[in-house]
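Let's take a friendly walk through a protein model together. Have the sequence and the 3D view open as you read.

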Amino acid sequence: KITYCGVITAQIMPAMTVFIGLLSMIFGTGSLLWLVLKLCWITMGVFTAFFIYKVVGLFAPKWCGIVASLFLLLPNFIWMDNLLLTETPFIFLMSATVYFTLMMEKTGKWKYFWFCAVTYMLAFMLKANFALYPIFALIYLLLSRYDRKKLIKQCICLACVVLCFVIPWSIRNYCLYDRFIPLTCGVGNPMLLGSYQGEGAPDDASLDYDLHVEKVLKEQNADYYNEDGSVKKDYYEAYLSLKHDEIKAKYRISVWLEENPLNFAKTYLYEKPRQMIEDVFYWQGILDVQKETLVKIRKIDFYICCLGLLAAFLLKKRRSVISFLWLLYLGNIYLYSLTSFAFDRYAETVSVLRYMLVGISLYLIILLGIKIVQKVRAYDRQAFPSDTQSENALE
(Lines give C-alpha, C1' and ligand atoms only; values in the text may rest on other atoms or scores of the structure.)
Protein backbone atom coordinates (compact mmCIF):
# COMPACT_ATOMS: atom_id res chain seq x y z
CA LYS A 1 0.00 0.00 0.00
CA ILE A 2 1.11 3.55 -0.72
CA THR A 3 0.14 5.59 2.31
CA TYR A 4 0.66 9.13 3.56
CA CYS A 5 0.36 9.79 7.31
CA GLY A 6 -1.01 6.27 7.66
CA VAL A 7 -3.81 6.76 5.10
CA ILE A 8 -4.04 5.14 1.66
CA THR A 9 -3.39 7.96 -0.79
CA ALA A 10 -2.82 9.21 -4.31
CA GLN A 11 -1.58 12.53 -2.94
CA ILE A 12 2.07 11.64 -3.49
CA MET A 13 4.11 9.84 -6.12
CA PRO A 14 5.17 6.36 -4.98
CA ALA A 15 9.00 6.38 -5.17
CA MET A 16 9.72 7.64 -1.64
CA THR A 17 7.41 5.09 -0.03
CA VAL A 18 8.71 2.22 -2.17
CA PHE A 19 12.37 3.07 -1.51
CA ILE A 20 11.95 3.32 2.26
CA GLY A 21 9.74 0.23 2.23
CA LEU A 22 12.40 -1.84 0.46
CA LEU A 23 15.09 -0.76 2.92
CA SER A 24 12.81 -1.49 5.88
CA MET A 25 12.53 -5.09 4.66
CA ILE A 26 16.30 -5.38 5.18
CA PHE A 27 17.00 -3.12 8.17
CA GLY A 28 13.69 -3.21 10.03
CA THR A 29 11.90 -0.10 11.27
CA GLY A 30 14.12 0.98 14.15
CA SER A 31 17.10 3.29 14.57
CA LEU A 32 19.24 1.23 12.14
CA LEU A 33 16.82 2.07 9.32
CA TRP A 34 17.11 5.78 10.13
CA LEU A 35 20.90 5.57 10.09
CA VAL A 36 20.94 3.76 6.73
CA LEU A 37 18.48 6.24 5.23
CA LYS A 38 20.52 9.23 6.38
CA LEU A 39 23.69 7.71 4.93
CA CYS A 40 21.84 7.10 1.64
CA TRP A 41 20.66 10.72 1.56
CA ILE A 42 24.17 12.05 2.28
CA THR A 43 25.60 9.79 -0.45
CA MET A 44 23.03 11.10 -2.94
CA GLY A 45 24.05 14.64 -2.02
CA VAL A 46 27.69 13.79 -2.78
CA PHE A 47 26.76 12.28 -6.15
CA THR A 48 24.72 15.37 -6.98
CA ALA A 49 27.93 17.40 -6.64
CA PHE A 50 29.68 14.82 -8.85
CA PHE A 51 27.11 15.16 -11.64
CA ILE A 52 27.28 18.96 -11.47
CA TYR A 53 31.04 18.64 -11.93
CA LYS A 54 30.56 16.26 -14.87
CA VAL A 55 28.00 18.48 -16.60
CA VAL A 56 30.18 21.59 -16.36
CA GLY A 57 33.24 19.59 -17.44
CA LEU A 58 31.58 18.84 -20.78
CA PHE A 59 31.62 22.54 -21.73
CA ALA A 60 34.28 24.21 -19.57
CA PRO A 61 37.65 23.48 -17.89
CA LYS A 62 37.64 21.13 -14.91
CA TRP A 63 38.27 23.92 -12.39
CA CYS A 64 34.91 25.45 -13.39
CA GLY A 65 33.23 22.14 -12.56
CA ILE A 66 34.97 22.04 -9.18
CA VAL A 67 33.79 25.57 -8.35
CA ALA A 68 30.21 24.69 -9.35
CA SER A 69 30.17 21.47 -7.32
CA LEU A 70 31.47 23.28 -4.21
CA PHE A 71 28.07 24.97 -3.86
CA LEU A 72 26.81 21.62 -2.57
CA LEU A 73 29.04 22.14 0.50
CA LEU A 74 27.03 25.20 1.57
CA PRO A 75 25.30 24.74 4.96
CA ASN A 76 21.78 24.67 3.46
CA PHE A 77 22.63 21.54 1.44
CA ILE A 78 24.48 19.90 4.35
CA TRP A 79 21.40 20.51 6.48
CA MET A 80 18.95 19.33 3.79
CA ASP A 81 20.89 16.12 3.09
CA ASN A 82 20.42 15.14 6.74
CA LEU A 83 16.62 15.34 6.40
CA LEU A 84 14.57 12.54 4.88
CA LEU A 85 12.82 14.67 2.27
CA THR A 86 12.21 14.03 -1.42
CA GLU A 87 14.41 17.01 -2.38
CA THR A 88 17.77 15.23 -1.97
CA PRO A 89 17.03 12.14 -4.11
CA PHE A 90 15.17 14.28 -6.63
CA ILE A 91 18.01 16.75 -7.28
CA PHE A 92 20.44 13.82 -7.47
CA LEU A 93 18.33 12.10 -10.13
CA MET A 94 17.61 15.34 -11.97
CA SER A 95 21.30 16.25 -12.19
CA ALA A 96 22.03 12.71 -13.47
CA THR A 97 19.23 13.00 -16.05
CA VAL A 98 20.61 16.31 -17.31
CA TYR A 99 24.11 14.83 -17.59
CA PHE A 100 22.92 11.77 -19.53
CA THR A 101 20.84 14.00 -21.84
CA LEU A 102 23.92 16.07 -22.66
CA MET A 103 25.96 12.91 -23.20
CA MET A 104 23.27 11.63 -25.58
CA GLU A 105 23.77 14.71 -27.72
CA LYS A 106 27.56 14.65 -27.41
CA THR A 107 28.15 10.96 -28.19
CA GLY A 108 24.96 9.74 -29.85
CA LYS A 109 25.23 6.45 -27.93
CA TRP A 110 22.08 4.54 -26.99
CA LYS A 111 23.43 3.60 -23.57
CA TYR A 112 23.15 7.21 -22.43
CA PHE A 113 19.53 7.28 -23.57
CA TRP A 114 18.73 4.28 -21.35
CA PHE A 115 20.62 5.80 -18.41
CA CYS A 116 18.63 9.00 -19.00
CA ALA A 117 15.33 7.10 -19.20
CA VAL A 118 15.99 5.28 -15.90
CA THR A 119 17.02 8.37 -13.94
CA TYR A 120 14.18 10.40 -15.47
CA MET A 121 11.59 7.80 -14.47
CA LEU A 122 12.92 7.56 -10.92
CA ALA A 123 12.87 11.36 -10.57
CA PHE A 124 9.41 11.48 -12.13
CA MET A 125 8.14 8.99 -9.55
CA LEU A 126 9.36 11.35 -6.81
CA LYS A 127 7.86 14.59 -8.18
CA ALA A 128 5.10 14.77 -10.76
CA ASN A 129 6.22 18.18 -12.06
CA PHE A 130 9.27 16.48 -13.65
CA ALA A 131 6.89 14.96 -16.21
CA LEU A 132 7.59 17.98 -18.46
CA TYR A 133 11.36 17.41 -18.62
CA PRO A 134 11.30 15.52 -21.98
CA ILE A 135 9.85 18.64 -23.64
CA PHE A 136 12.90 20.72 -22.64
CA ALA A 137 15.27 17.91 -23.59
CA LEU A 138 13.54 17.53 -26.98
CA ILE A 139 13.97 21.25 -27.74
CA TYR A 140 17.66 21.05 -26.84
CA LEU A 141 18.29 17.96 -28.96
CA LEU A 142 16.44 19.43 -31.95
CA LEU A 143 18.40 22.69 -31.74
CA SER A 144 21.62 20.69 -31.44
CA ARG A 145 20.87 18.91 -34.74
CA TYR A 146 20.61 15.52 -33.08
CA ASP A 147 19.90 12.59 -35.41
CA ARG A 148 16.16 12.93 -36.11
CA LYS A 149 15.49 9.25 -36.85
CA LYS A 150 17.23 8.17 -33.68
CA LEU A 151 15.36 10.84 -31.72
CA ILE A 152 11.99 9.57 -32.96
CA LYS A 153 12.88 6.01 -31.90
CA GLN A 154 14.03 7.21 -28.49
CA CYS A 155 10.86 9.28 -27.99
CA ILE A 156 8.77 6.17 -28.67
CA CYS A 157 10.89 4.10 -26.28
CA LEU A 158 10.58 6.73 -23.54
CA ALA A 159 6.82 6.98 -24.06
CA CYS A 160 6.56 3.20 -23.60
CA VAL A 161 8.66 3.36 -20.42
CA VAL A 162 6.46 6.13 -19.00
CA LEU A 163 3.26 4.26 -19.86
CA CYS A 164 4.58 1.15 -18.10
CA PHE A 165 4.35 3.21 -14.91
CA VAL A 166 1.40 5.51 -15.61
CA ILE A 167 -1.04 2.80 -16.74
CA PRO A 168 -0.83 0.51 -13.67
CA TRP A 169 -0.62 3.56 -11.36
CA SER A 170 -3.75 5.07 -12.95
CA ILE A 171 -5.57 1.74 -12.69
CA ARG A 172 -4.60 1.49 -9.02
CA ASN A 173 -5.90 5.01 -8.39
CA TYR A 174 -9.13 4.34 -10.29
CA CYS A 175 -9.78 1.18 -8.29
CA LEU A 176 -9.40 3.15 -5.06
CA TYR A 177 -11.14 6.42 -5.94
CA ASP A 178 -13.27 5.67 -9.01
CA ARG A 179 -11.49 8.60 -10.65
CA PHE A 180 -8.88 8.92 -13.40
CA ILE A 181 -5.77 10.11 -11.53
CA PRO A 182 -2.75 9.61 -13.82
CA LEU A 183 -0.25 11.13 -11.37
CA THR A 184 -1.38 12.67 -8.08
CA CYS A 185 -4.36 14.48 -6.58
CA GLY A 186 -2.21 16.58 -4.25
CA VAL A 187 -1.99 19.82 -6.25
CA GLY A 188 -4.99 21.46 -4.56
CA ASN A 189 -3.40 22.37 -1.24
CA PRO A 190 -0.28 24.13 -2.66
CA MET A 191 -2.48 25.89 -5.22
CA LEU A 192 -4.74 27.14 -2.45
CA LEU A 193 -1.82 28.43 -0.38
CA GLY A 194 -0.51 30.20 -3.48
CA SER A 195 -3.83 32.02 -3.93
CA TYR A 196 -3.17 33.85 -0.65
CA GLN A 197 0.24 35.18 -1.70
CA GLY A 198 0.65 38.71 -2.98
CA GLU A 199 -1.10 42.03 -2.51
CA GLY A 200 -4.65 42.18 -3.81
CA ALA A 201 -5.48 38.53 -3.12
CA PRO A 202 -9.23 38.09 -2.46
CA ASP A 203 -10.37 38.45 1.14
CA ASP A 204 -12.12 35.38 2.55
CA ALA A 205 -14.87 37.52 4.07
CA SER A 206 -15.93 38.76 0.62
CA LEU A 207 -16.26 35.29 -0.95
CA ASP A 208 -19.20 32.88 -0.96
CA TYR A 209 -17.51 29.55 -0.20
CA ASP A 210 -20.78 27.78 0.61
CA LEU A 211 -22.07 28.27 -2.92
CA HIS A 212 -18.88 28.05 -4.96
CA VAL A 213 -16.90 25.50 -2.92
CA GLU A 214 -18.94 23.38 -0.49
CA LYS A 215 -21.87 22.89 -2.87
CA VAL A 216 -19.61 22.19 -5.86
CA LEU A 217 -17.55 19.67 -3.86
CA LYS A 218 -20.64 17.64 -2.91
CA GLU A 219 -22.10 17.81 -6.41
CA GLN A 220 -18.90 16.61 -8.07
CA ASN A 221 -18.33 13.82 -5.52
CA ALA A 222 -21.87 12.77 -4.67
CA ASP A 223 -20.95 9.09 -5.05
CA TYR A 224 -18.51 9.43 -2.12
CA TYR A 225 -21.26 10.17 0.39
CA ASN A 226 -23.87 8.01 2.09
CA GLU A 227 -27.49 9.12 2.26
CA ASP A 228 -26.93 10.55 5.76
CA GLY A 229 -24.09 12.74 4.46
CA SER A 230 -21.24 10.68 5.91
CA VAL A 231 -18.26 9.63 3.78
CA LYS A 232 -18.36 6.03 2.55
CA LYS A 233 -14.66 5.17 3.14
CA ASP A 234 -12.12 6.54 5.58
CA TYR A 235 -9.47 7.32 2.98
CA TYR A 236 -12.03 9.33 0.98
CA GLU A 237 -11.78 12.00 3.67
CA ALA A 238 -8.23 12.96 2.71
CA TYR A 239 -9.08 12.90 -0.99
CA LEU A 240 -12.15 15.11 -0.48
CA SER A 241 -10.05 17.51 1.60
CA LEU A 242 -7.60 17.88 -1.29
CA LYS A 243 -10.43 18.33 -3.81
CA HIS A 244 -11.94 20.94 -1.50
CA ASP A 245 -8.67 22.87 -1.53
CA GLU A 246 -8.45 22.61 -5.32
CA ILE A 247 -12.00 23.91 -5.89
CA LYS A 248 -11.46 26.70 -3.36
CA ALA A 249 -8.15 27.68 -4.99
CA LYS A 250 -9.68 27.83 -8.49
CA TYR A 251 -12.57 29.92 -7.16
CA ARG A 252 -10.22 32.38 -5.43
CA ILE A 253 -8.01 32.65 -8.53
CA SER A 254 -11.02 33.27 -10.81
CA VAL A 255 -12.26 36.07 -8.54
CA TRP A 256 -8.77 37.59 -8.28
CA LEU A 257 -8.29 37.45 -12.05
CA GLU A 258 -11.67 39.08 -12.64
CA GLU A 259 -11.41 41.84 -10.02
CA ASN A 260 -7.71 42.73 -10.20
CA PRO A 261 -6.06 41.21 -13.33
CA LEU A 262 -2.99 43.49 -13.28
CA ASN A 263 -2.18 42.67 -9.68
CA PHE A 264 -2.78 38.97 -10.36
CA ALA A 265 -0.38 39.04 -13.32
CA LYS A 266 2.26 40.90 -11.32
CA THR A 267 2.00 38.39 -8.46
CA TYR A 268 2.12 35.21 -10.53
CA LEU A 269 4.50 36.35 -13.27
CA TYR A 270 6.95 38.46 -11.27
CA GLU A 271 6.64 38.48 -7.48
CA LYS A 272 6.35 34.74 -6.88
CA PRO A 273 9.08 33.75 -9.39
CA ARG A 274 11.38 36.43 -7.95
CA GLN A 275 10.83 35.07 -4.45
CA MET A 276 11.66 31.53 -5.55
CA ILE A 277 14.79 32.69 -7.38
CA GLU A 278 16.14 34.59 -4.37
CA ASP A 279 15.06 32.46 -1.39
CA VAL A 280 17.01 29.61 0.26
CA PHE A 281 15.62 26.46 1.89
CA TYR A 282 17.34 26.72 5.27
CA TRP A 283 14.99 26.56 8.24
CA GLN A 284 17.50 25.53 10.89
CA GLY A 285 20.94 27.18 10.91
CA ILE A 286 24.13 25.14 11.27
CA LEU A 287 27.83 26.05 11.58
CA ASP A 288 26.80 29.57 12.75
CA VAL A 289 25.91 30.52 9.17
CA GLN A 290 22.87 32.78 8.88
CA LYS A 291 20.27 32.49 6.13
CA GLU A 292 20.93 36.09 5.07
CA THR A 293 24.47 35.13 4.07
CA LEU A 294 23.22 32.30 1.87
CA VAL A 295 20.65 34.60 0.25
CA LYS A 296 23.46 37.01 -0.69
CA ILE A 297 25.45 34.13 -2.22
CA ARG A 298 22.37 33.07 -4.16
CA LYS A 299 21.97 36.57 -5.61
CA ILE A 300 25.61 36.60 -6.69
CA ASP A 301 25.38 33.22 -8.43
CA PHE A 302 22.21 34.37 -10.22
CA TYR A 303 24.01 37.45 -11.56
CA ILE A 304 26.84 35.18 -12.78
CA CYS A 305 24.27 33.04 -14.62
CA CYS A 306 22.81 36.17 -16.27
CA LEU A 307 26.26 37.35 -17.36
CA GLY A 308 26.99 33.85 -18.67
CA LEU A 309 23.85 33.95 -20.83
CA LEU A 310 24.93 37.33 -22.26
CA ALA A 311 28.50 36.08 -22.84
CA ALA A 312 27.27 32.93 -24.61
CA PHE A 313 25.36 34.95 -27.21
CA LEU A 314 28.08 37.56 -27.64
CA LEU A 315 30.71 34.89 -28.15
CA LYS A 316 28.38 32.54 -30.04
CA LYS A 317 29.64 29.69 -27.87
CA ARG A 318 27.75 27.18 -25.71
CA ARG A 319 24.46 28.86 -26.62
CA SER A 320 22.45 25.65 -26.88
CA VAL A 321 23.44 24.23 -23.49
CA ILE A 322 23.12 27.61 -21.73
CA SER A 323 19.65 28.09 -23.24
CA PHE A 324 18.65 24.54 -22.31
CA LEU A 325 19.64 24.96 -18.65
CA TRP A 326 18.04 28.42 -18.44
CA LEU A 327 14.77 27.22 -19.99
CA LEU A 328 14.69 24.17 -17.72
CA TYR A 329 15.35 26.32 -14.66
CA LEU A 330 12.88 29.10 -15.44
CA GLY A 331 10.31 26.62 -16.72
CA ASN A 332 10.25 24.85 -13.36
CA ILE A 333 10.23 28.15 -11.44
CA TYR A 334 7.18 29.34 -13.36
CA LEU A 335 5.52 25.92 -13.15
CA TYR A 336 5.70 26.11 -9.36
CA SER A 337 4.69 29.78 -9.31
CA LEU A 338 1.65 29.37 -11.55
CA THR A 339 0.31 26.09 -10.15
CA SER A 340 1.54 26.23 -6.58
CA PHE A 341 2.98 28.82 -4.21
CA ALA A 342 6.35 30.49 -3.80
CA PHE A 343 8.16 28.21 -1.39
CA ASP A 344 11.89 27.97 -0.70
CA ARG A 345 11.74 24.18 -0.43
CA TYR A 346 10.27 23.88 -3.93
CA ALA A 347 12.86 26.29 -5.35
CA GLU A 348 15.71 24.24 -3.88
CA THR A 349 14.88 21.31 -6.17
CA VAL A 350 15.99 23.25 -9.26
CA SER A 351 18.83 25.26 -7.70
CA VAL A 352 21.40 22.71 -8.94
CA LEU A 353 20.63 23.86 -12.49
CA ARG A 354 21.92 27.28 -11.48
CA TYR A 355 25.20 25.80 -10.27
CA MET A 356 25.65 24.06 -13.61
CA LEU A 357 25.05 27.44 -15.23
CA VAL A 358 27.51 29.12 -12.85
CA GLY A 359 30.32 26.74 -13.83
CA ILE A 360 29.82 27.19 -17.58
CA SER A 361 29.18 30.94 -17.15
CA LEU A 362 32.49 31.51 -15.35
CA TYR A 363 34.33 30.07 -18.33
CA LEU A 364 32.34 32.15 -20.83
CA ILE A 365 32.73 35.38 -18.83
CA ILE A 366 36.51 34.92 -18.70
CA LEU A 367 36.60 34.17 -22.44
CA LEU A 368 34.59 37.32 -23.11
CA GLY A 369 36.92 39.36 -20.90
CA ILE A 370 39.97 38.04 -22.76
CA LYS A 371 38.37 38.81 -26.12
CA ILE A 372 37.56 42.37 -25.03
CA VAL A 373 41.14 42.92 -23.84
CA GLN A 374 42.48 41.54 -27.13
CA LYS A 375 40.27 43.86 -29.15
CA VAL A 376 41.33 46.85 -27.03
CA ARG A 377 44.99 45.97 -27.49
CA ALA A 378 44.53 45.50 -31.25
CA TYR A 379 42.80 48.87 -31.49
CA ASP A 380 45.54 50.45 -29.38
CA ARG A 381 48.28 49.16 -31.70
CA GLN A 382 46.47 50.52 -34.76
CA ALA A 383 45.72 53.91 -33.21
CA PHE A 384 49.12 54.37 -31.52
CA PRO A 385 51.65 52.15 -33.31
CA SER A 386 54.69 53.82 -31.72
CA ASP A 387 53.28 54.31 -28.26
CA THR A 388 53.67 51.30 -25.92
CA GLN A 389 52.34 52.96 -22.74
CA SER A 390 48.78 51.65 -23.26
CA GLU A 391 50.07 48.14 -23.92
CA ASN A 392 52.27 48.22 -20.81
CA ALA A 393 49.34 49.44 -18.72
CA LEU A 394 47.19 46.55 -19.92
CA GLU A 395 49.99 44.07 -19.22
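## A salt bridge to start with

Asp-344 and Lys-291 form a salt bridge, with their closest N and O atoms 3.5 Å apart. Asp-344 sits in helix α15 (residues 344-348) and Lys-291 in helix α13 (residues 291-315), so this pair ties together parts that are 53 residues apart in sequence. Please keep in mind that what you see is a predicted model.

Are these two partners buried or exposed? Asp-344 is buried, because its relative accessible area is 8% and the cut-off for buried is under 20%. Lys-291 has a relative accessibility of 25%, so it counts as partly exposed.

## More charged pairs

How many salt bridges does the structure hold? There are 12. Another one joins Glu-348 and Arg-298, where the closest N and O atoms are 3.0 Å apart.

Now look for Lys-127 and Glu-87, whose side chains meet in a salt bridge of 3.3 Å, N to O. Lys-127 is in the loop between α6 (110-124) and α7 (133-143), while Glu-87 is in helix α5; the two are 40 residues apart and link distant parts of the chain. Both Lys-127 and Glu-87 are buried. Salt bridges with shared partners also join Glu-87, Lys-127 and Arg-345 into one network.

## The whole protein

Let's step back for the wider view. The protein has 17 helices and 2 strands. Its C-alpha atoms fill a box of roughly 100 × 55 × 50 Å, taken along the principal axes. Of the 395 residues in the protein, 47% are buried.

How is the chain connected to itself? Among contacts with a separation of 6 or more, 73% are between residues 24 or more positions apart.

In soluble globular proteins, nonpolar side chains tend to be buried together. In this model, the largest nonpolar core has 99 residues, and those with the most contacts inside it are Val-98, Leu-102, Phe-324, Leu-325 and Leu-353. Which helix gives the most to this core? That is helix α5 (residues 87-107), with 12 residues.

Leaving out residues up to four places away in sequence, Phe-324 touches Val-98, Leu-102, Tyr-133, Phe-136, Ala-137 and Tyr-140. There is also a second, separate core of 20 residues, and Leu-176, Leu-217, Leu-242 and Val-255 are among them.

## One face of a helix

Helix α3 (residues 62-69) has buried residues at Cys-64, Gly-65, Ala-68 and Ser-69. Why can we say that they line one face of the helix? Looking down the axis of α3, you find its buried residues within an arc of 130°, so they line one face.

Val-18, Leu-22, Met-25, Ile-26, Phe-27, Leu-32, Leu-35, Leu-39, Ile-42 and Val-46 make a nonpolar surface patch of about 970 Å². The elements that give two or more residues to this patch are α1 (15-27) and α2 (31-57).

Take Val-18 as an example: its place is in helix α1, and it is partly exposed because its relative accessible area is 41%. Phe-47 can be found in helix α2, and its relative accessibility of 41% means it counts as partly exposed. Phe-47 and Ile-2 are 45 residues apart along the chain, and 28 Å separates their C-alpha atoms.

## A closer look at Asn-263

Finally, find Asn-263 in helix α12 (residues 261-278). With a relative accessible area of 17%, Asn-263 is buried. Which residues does Asn-263 touch, not counting those up to four places away in sequence? Its contacts are Glu-199, Gly-200 and Trp-256.

Notes:
Residues numbered from 1 in each chain as written. Predicted model: local features only at pLDDT ≥ 70, side-chain atom pairs only at ≥ 80, totals over all residues. Heavy atoms only, no water. Patch = residues over 30% accessible without salt bridge, like charges linked within 9 Å, V, L, I, M, F, W, Y side chains within 5 Å. Areas by Shrake-Rupley, 256 points an atom, 1.4 Å probe, with all protein chains shown as cover. Salt bridge = Lys/Arg side-chain N within 4 Å of Asp/Glu carboxyl O. Helix = DSSP H or I, 4+ residues; strand = E, 2+ residues; numbered from the N terminus. Buried < 20%, exposed > 50% of the residue type's maximum accessible area, 1.4 Å probe, protein only. Arc of directions from axis to C-beta. Contact = heavy atoms within 4.5 Å. Core = buried A, V, L, I, M, F, W, Y, C linked by side-chain atoms within 4.5 Å.
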